[in-house]
Amino acid sequence: MRQPLPADMFDELCPSSLNPIRFGDKWAALVIRCLEGGPRRFSELRVPLRRVTPKVLTQSLRALERDGLVTRAVHPGRTSHVEYELTPLGRSMLEPIAVACAWTERHWGELLDARESYDKAGPTTPRATPRSRQVRPAAR
């Protein structure tokens, strides 16, 4: 029997939640980390990923499957179920994700300070407005 995923795997103090480096969508790296120990059912993934709505988790899993990082296996039977598992390509993402998480841990205070400062002051530079499209004269 495999160990259940801990409910606090991605608590608010987890570097993964502050990591500015994205691997796929917002939740992809967390899903990959959940699948590190082997295949998991959707309901198992929902425990540590409780902040993700079922719809968004499904979208994330489909995107990971489309990219070849995750496989989806339907196990038929009296009580059929679906499991998600990392492919070898998906497993190759574990190392860069670990590096990104380690970087986030080292810069945790700086990231929090920067976000807090930004939230208090707002953007420091005005946002660029799109230029009106210039029409080229027709060739004669």
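Helices (H or I, at least four residues) and strands (E, at least two) are DSSP runs, numbered from the N terminus. The model described here is predicted: local features need pLDDT of at least 70, side-chain atom pairs count only at pLDDT 80 or more, and totals for chains, interfaces and linings use all residues. Residues are numbered from 1 along each chain as its sequence is written, and side-chain values use heavy atoms, with hydrogens and water left out.

Helix H6 covers residues 94–106 and contains Thr104. Thr104 is buried, with a relative accessible area of 0%. Buried means under 20% relative accessible area, exposed over 50%, and partly exposed in between (1.4 Å probe, protein chains only). The side chain of Thr104 reaches the backbone oxygen of Ala100 at 2.9 Å.

Three strands form an open sheet in the order E1-E3-E2, with antiparallel pairing. Strand E1 (40–41) and E2 stand at the edges, each with a single partner strand, so one side of each has no neighbour in the sheet. Two strands pair if DSSP finds at least two bridges between them. Six bridges join E2 (residues 70–75) to E3 (residues 81–86), and these strands run antiparallel. Thr71 has Glu85 in E3 as its bridge partner. His75 is partnered by His81, also in E3. The hairpin of E2 and E3 has five residues between the strands. In this hairpin, Gly77 takes a positive phi near 155°.

Definitions and conventions: Polar contact = N/O pair within 3.5 Å; in protein donor to acceptor, adjacent residues only side chain to side chain.
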